[in-house]
Amino acid sequence: MSERPVGKTKDAGWQIGVSRTIAVGLDAVWEYLTSNEGLAVWLGPGVETPLRKGQAYRTDDGTIGEIRSLRPLDRVRLTWRPANRADHATIQIALAPAKTGCTVRFHTERLRDRDEREKMREHWKTVASAIEAELLGEP
């Protein structure tokens with residue numbers, strides 16, 4: 001029996017997860033992530049609030065998808081298909097309280113291959129840094 005490579009799932013293609021603990025309370029992180037400014041950082045400019053389950057969205061760069069699940073102060077799960085992609089991936093952002101603030105977890109599945117997995121890892125690291133800087137008031 002062959003072993004699957006790291007990041008390759010049995011049923012959902014390639015996946016990646018990135019987490020960051022930010023020294024800000026969960027309420028403030030949720031409020032930011034679901035605001036127009038926060039959505040522009042992690043999803044892309046052009047998505048209007050408030051988010052609702054079943055809501056279709058389109059970003060200014062042509063990425064489309066649908067909000068599949070929305071649990072306030074907990075998680076958002078959505079489909080994601082950039083203009084240059086034939087099929088959708090699934091993105092989930094989940095929050096959890098931490099001793100030093102709030103842990104934000106970004107997870108993407110149904111990625112095409114190892115290269116797309118690595119690109120998403122770098123993307124989520126950049127997004128996490130931008131969110132942290134904004135919430136901490138850093139330049």
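**Exercise 1.** Determine in which helix W30 is found, and whether W30 is buried or exposed.

*Solution.* Step 1: W30 is found in helix α1, residues 26-33; helices (H or I, at least four residues) and strands (E, at least two) are DSSP runs, numbered from the N terminus. The model is predicted: local features need pLDDT of at least 70, side-chain atom pairs count only at pLDDT 80 or more, and totals for chains, interfaces and linings use all residues. Residues are numbered from 1 along each chain as its sequence is written, and side-chain values use heavy atoms, with hydrogens and water left out.

Step 2: The relative accessible area of W30 is 12%. Buried means under 20%, exposed over 50%, and partly exposed in between (1.4 Å probe, protein chains only). W30 is therefore buried.

Step 3: Not counting residues up to four places away in sequence, W30 touches several residues, among them L70, P72 and L95; contact means heavy atoms within 4.5 Å.

**Exercise 2.** State the order of the six strands in the open sheet and identify the edge strands.

*Solution.* Step 1: The order is β1-β6-β5-β4-β3-β2, with antiparallel pairing. Two strands pair if DSSP finds at least two bridges between them.

Step 2: β1 (14-22) and β2 (56-58) each pair on one side only, and these are the edge strands.

**Exercise 3.** Find how many bridges join β1 to β6, and name the bridge partner of Q15.

*Solution.* Step 1: β1 and β6 (residues 101-111) run antiparallel and are joined by nine bridges.

Step 2: Q15 has E109 in β6 as its bridge partner.
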